[in-house]
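Here are some notes to read with the model open beside you.

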Amino acid sequence: MDTAPPALLPVYGPGELAALAARHGLAVSGARPSLGAYVRQLWGRRHFITAFATAKLTAQYSQAKLGQIWQIMTPLLNATVYYFIFGVLMNTKRGIPDYVPFLVTGVFIWTFTASSITAGTRAISGNTGLVRALHFPRASLPIALAVQQLQHLLFSLAALFLILITFGQYPRPSWLLAVPALALQALFNTGISMVMARLAAKTPDIAQLTPFLLRTWMYASGVMWSLDTLLTADRVPQAVLFALECNPAAVYIDLMRFALIDSFTDAQLPPHVWAIATGWALVCGIGGFVYFWKAEERYGRG
């Protein structure tokens, strides 16, 4: 029985295929949108970001008997350990008035930055199933985890304020300065979180190295001892002094201490501190976002 030959399909070259796809409104799956379109996509998913952050925060201690109380207990226990090791055994409290408020404020504010960075290293690598299954702006994940850490801090601030009042630090107008200080720190943390998310997505070993880097950074940020002892020392090289003065973690901790602790509020805060805090927030916040966006089409591959 004779059969008709199959119809021959036209053969297209790569350029012709691209033109054909563009003519019919097709685009490469997972292609990186423009920066403006990317921002609009993120804004359209703002409810997902906040819901994802809240769900993560709720589930974080769901298996523990004390539940969400650990959000407060963890920094308090760290502060207690640091007090006995550094304040008592190493006597770093010498010359520091209001040492307990000084230490507790430093621990809470440092924990905010350290937790945001640690969460950022898991933003993509810890959600590969979600990244590969659904199409959405990947920056939603590190931003959501940064929001989670901000929610965690805001929940813990009640305990911080209670400790401050217990040790004689009563509310005063300067406490309002904590709002812009935390806003700048949150922007800085989010930018660094996105940088770490991109790095860890390509090199998972970054997540193993991060705790050691954070511990070193903490010691250089004056969490449990005063940086003034080094800043006034003649034997320290000027380059080291400059790095300590511009250390973003130390700057945000100093701003919060200046806002909340009387002995700091009564002193004169150098005017460049707010400028440095704003500069770090803008550079890292915007730069980290752009850096993450540039690798948008590569997340979830392999």
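This is a predicted model: local features need pLDDT of at least 70, side-chain atom pairs count only at pLDDT 80 or more; totals for chains, interfaces and linings use all residues.

Helices here are DSSP runs of H or I with at least four residues, numbered from the N terminus.

1. Overall make-up. The protein has 14 helices and 0 strands. Reading along the sequence therefore gives α-α-α-α-α-α-α-α-α-α-α-α-α-α. Of its 302 residues, 42% count as buried.

2. Have a look at the backbone here: phi of D98 is near 55 degrees, a positive value in a residue other than glycine. For context, most residues other than glycine have a negative phi. D98 counts as partly exposed because its relative accessibility is 28%, and partly exposed covers the range between under 20% (buried) and over 50% (exposed).

3. Helix α5. This helix takes in residues 99–121. How far apart are its end C-alpha atoms? They are 33 Å apart, which agrees with the 33 Å that 23 residues should span at 1.5 Å a residue. α5 is also mostly covered, with 19 of its 23 residues buried.

4. The cavity. Searching the whole structure for cavities of 30 Å³ or more turns up 1. The volume of the largest cavity is about 90 Å³. Its lining consists of 10 residues, and those closest to the centre are F108, T111, F112, H152 and L153. Which helices supply at least two residues each to this lining? They include α4, α5 and α7 (140–166).

5. A nonpolar patch. On the surface, V81, F84, I85, V88 and L89 form a nonpolar patch, and together they have about 480 Å² of accessible area. One of them, I85, belongs to helix α4, residues 70–89. I85 has 36% relative accessibility, so it counts as partly exposed.

6. The salt bridge. The whole structure holds 1 salt bridge by this search. The partners are the side chains of R172 and D262, at 2.7 Å from N to O. They link distant parts of the chain: R172 sits in the loop between α7 and α8 (178–202), D262 sits in helix α13 (residues 262–265), and the two are 90 residues apart. As a reminder, side chains of opposite charge can pair when their charged atoms come close. R172 has a relative accessible area of 29%, so this residue is partly exposed.

7. Helix α12. Residues 248–260 make up this helix of 13 residues, which reaches 19 Å from its first C-alpha to its last, close to the 18 Å expected at 1.5 Å a residue. Is α12 mostly covered or mostly uncovered? It is mostly covered: 12 of its 13 residues are buried. Among the buried residues are P248, Y252, M256, R257 and F258.

8. K56 is part of helix α3, residues 46–60. With a relative accessible area of 33%, K56 is partly exposed.

Note on methods. Residues are numbered from 1 along each chain as its sequence is written. Side-chain values use heavy atoms; hydrogens and water are left out. The expected span of a helix is 1.5 Å times one less than its number of residues. Buried means under 20% relative accessible area, exposed over 50%, partly exposed in between (1.4 Å probe, protein chains only). Patches are made of residues with over 30% relative accessible area and no salt bridge: like charges are joined within 9 Å, nonpolar side chains (Val, Leu, Ile, Met, Phe, Trp, Tyr) within 5 Å. Accessible areas come from the Shrake-Rupley method with a 1.4 Å probe; for residues, only the protein chains shown count as cover. A salt bridge is a side-chain nitrogen of Lys or Arg within 4 Å of a carboxyl oxygen of Asp or Glu. On a 1 Å grid over the protein atoms alone, a cavity is a set of points where a 1.4 Å probe fits but cannot get out, and a pocket is an open set with protein on both sides within 12 Å along at least five of seven lines; lining residues have an atom within 4 Å of a point. Grid points are joined across faces, edges and corners, and a volume is the space filled by probe spheres set on the points.
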